[in-house]
Amino acid sequence: MKKLVLGTIAAAMVATSGLAAEYTLKFSHVVSPNTPKGKAADFFEKRLEKLSAGKIDVQVYPSSQLYKDNAVLKALRLNSVQMAAPSFSKFGKIVPQLALFDLPFLFKDIDHLHRVQDGEVGQALKDKVTAKGIVALNFWDNGFKQLSSNKKPLLVPADAKGQKFRIMSSKVLEAQFHAVGANPQMMPFSEVYSGLQQGVIDGQENTNSNIFTKKFHEVQKHLTITDHGYLGYLVVMSKKFWNKLPADLQANVTQAMNEATEKEREYAQELNDSQLAEIKAYAEKTGKLKIYNLTADQKEAWRNAVSKIYPEFYSDRKIGKDLIEKTLTTK
């Protein structure tokens, strides 16, 4: 009887050892674990390990522990890391068409944006990235951007005239501010707070979560809820790693990523809503910041003013007329 029990235990141990990871997937990202991207990466880790019955060991490295976004695409090609979620701007040199998401007032609302990302246009963009040797999986949200200024309320396009706005490196964003007579100033994200505080720049555009976490609202007098532009990420995977996976594990990756994407979008919306509430509470408590919501007519005036730049990006070497028009007509 004792031999039978020992034999059963040994068999169980052998079966368990058969579930040891056959693949290691390192997921590198640059933000903290408590952000929407960080939380979704952790969700993806747990979900894929469960779906693959432990055959894929997912190791998440947050806060630039492995690579910064400007180095991670090269690391992916070398399979030094297997997954990352860089912002769209990091793909500018290889797939300039991703600047589609920089175009102002291109999306009616968050649902329209997601239909574009999950539909024909999104797939076309992912195919362009995959053709460059990096497997594009899904789009993740940061959120829609708002406008702020120290000079005056930004209610109509003419209010921006002559003001200096910080932008990240983007031809679209340069054109956007030129269209309303403003002066775009390229500046690293890490320098925006001091730039606003010292008057080097008058204003900036960012998501609620970026504005709150970097305390931009504490060095600005006026904030307008415009939802005029979008910030997001593209989750990508090493092609060498993807090609090594058998079809069933590729299916597990796809399913885990789709579920993580749903979660990430929820996390991003919750964070932007809660942090806008925090900004409003600060404004009410201190009286140092005024927050404005555009009327339908004011929003239309902004849309008309800045949408004039779209034809500048009709060239296929930039964004492409077809992608822009398909986005506008996506139902």
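Predicted model: local features only at pLDDT ≥ 70, side-chain atom pairs only at ≥ 80, totals over all residues.
Me: How many residues apart in sequence are the parts that the pair Lys-145 and Glu-205 ties together?

Reply: The side chains of Lys-145 and Glu-205 meet in a salt bridge, with an N to O distance of 2.8 Å. Lys-145 belongs to strand β4 (residues 134–149) and Glu-205 to strand β7 (residues 203–207), so the pair ties together parts whose separation in sequence is 60 residues.

Me: Is Lys-145 buried or exposed?

Reply: Buried means under 20% relative accessible area. The relative accessibility of Lys-145 is 1%, and its salt-bridge partner Glu-205 has a relative accessible area of 5%. Lys-145 therefore counts as buried.

Me: In which helix do Glu-174 and Lys-171 both lie?

Reply: Glu-174 forms a salt bridge with Lys-171, and their closest N and O atoms are 3.9 Å apart, whereas the cut-off for such a bridge is 4 Å. The two residues are 3 positions apart, about one turn of the helix, and Lys-171 counts as exposed at 62% relative accessibility. Both lie in helix α6 (residues 171–178).

Me: Which residues are linked in a network of salt bridges?

Reply: Side chains of opposite charge can pair when their charged atoms come close. The count of salt bridges comes to 9. The residues linked in a network are Glu-120, Asp-322 and Lys-326.

Notes:
Residues numbered from 1 in each chain as written. Heavy atoms only, no water. Helix = DSSP H or I, 4+ residues; strand = E, 2+ residues; numbered from the N terminus. Buried < 20%, exposed > 50% of the residue type's maximum accessible area, 1.4 Å probe, protein only.
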